[in-house]
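Subject: Structure handover

Hello,

Here is the structure we talked about passing on. Please open it alongside this note.

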Amino acid sequence: MNNDPLFTETQAALYLGNEEHPFYTKTLQRWRNTGKYLEYIKLGKSVRYRKSALDKFIDNGVRTSTTDQGSTNDGYT
């Protein structure tokens with residue numbers, strides 16, 4: 001059994017943002033349609049995101065300065 005929690009689209013959006021500064025589910029939907037940024041799981045008609053995938057996406061956005069190009073958040077390389 002995998003201990004990596006699965007989040008619904010709404011839960012994933014809330015995890016990436018918060019109630020005051022939401023991350024929109026429409027953005028997640030657009031990314032799924034274009035195959036960018038986040039891997040997801042299809043369970044029948046339901047979409048789920050692994051917590052580890054969301055954490056990786058967040059970690060790829062870490063910068064140390066305004067000139068730091070960092071990761072482009074464009075995949076899992």
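This is a predicted model: local features need pLDDT of at least 70, side-chain atom pairs count only at pLDDT 80 or more; totals for chains, interfaces and linings use all residues.

Strand 2 is joined to strand 3 (residues 46–50) by 3 bridges, and the two run antiparallel. Within this pair, Lys 42 sits opposite Val 47 of strand 3.

**Helix 1 against helix 3**

Helix 1 covers residues 9–16 and helix 3 covers residues 51–59. They pack at an angle of about 30°, and their axes are 11 Å apart. Angles under 35 degrees count as roughly parallel, so helix 1 and helix 3 are roughly parallel to each other. The crossing of helix 1 past helix 3 is right-handed.

On the helix 1 side, the contact uses Ala 12, Tyr 15 and Leu 16. On the helix 3 side, it uses Lys 51, Leu 54, Asp 55, Phe 57 and Ile 58. By class, that contact has 6 nonpolar and 2 charged residues, with no polar ones.

**Helix 1 against helix 2**

Here the packing angle is about 110°, with the axes of helix 1 and helix 2 lying 9 Å apart. That angle makes helix 1 roughly perpendicular to helix 2. This crossing, too, is right-handed.

Helix 1 contributes Glu 9, Thr 10, Ala 12, Ala 13 and Leu 16 to the contact. Helix 2 contributes Thr 25, Leu 28, Gln 29 and Arg 32. By class, the contact of helix 1 with helix 2 has 4 nonpolar, 3 polar and 2 charged residues.

**Salt bridges**

How many salt bridges does the count come to? The count is 2. One of them brings together the side chains of Arg 32 and Glu 9, at 2.8 Å from N to O. This pair links distant parts of the chain, 23 residues apart. Arg 32 is in helix 2 (residues 25–34), while Glu 9 is in helix 1.

Best regards

Note on methods: Residues are numbered from 1 along each chain as its sequence is written. Side-chain values use heavy atoms; hydrogens and water are left out. Two strands pair if DSSP finds at least two bridges between them. Helices (H or I, at least four residues) and strands (E, at least two) are DSSP runs, numbered from the N terminus. Axes are lines fitted to C-alpha atoms, for helices over the stretch in contact, and angles run from 0 to 180 degrees between N-to-C directions. Angles under 35 degrees count as roughly parallel, over 145 as roughly antiparallel, 65 to 115 as roughly perpendicular and the rest as oblique. A crossing is left-handed if the near helix is turned anticlockwise from the far one by less than a right angle, and right-handed if clockwise. Contact means heavy atoms within 4.5 Å. Ala, Val, Leu, Ile, Met, Phe, Trp, Tyr, Cys and Pro count as nonpolar, Asp, Glu, Lys and Arg as charged, and the others, Gly among them, as polar. A salt bridge is a side-chain nitrogen of Lys or Arg within 4 Å of a carboxyl oxygen of Asp or Glu.
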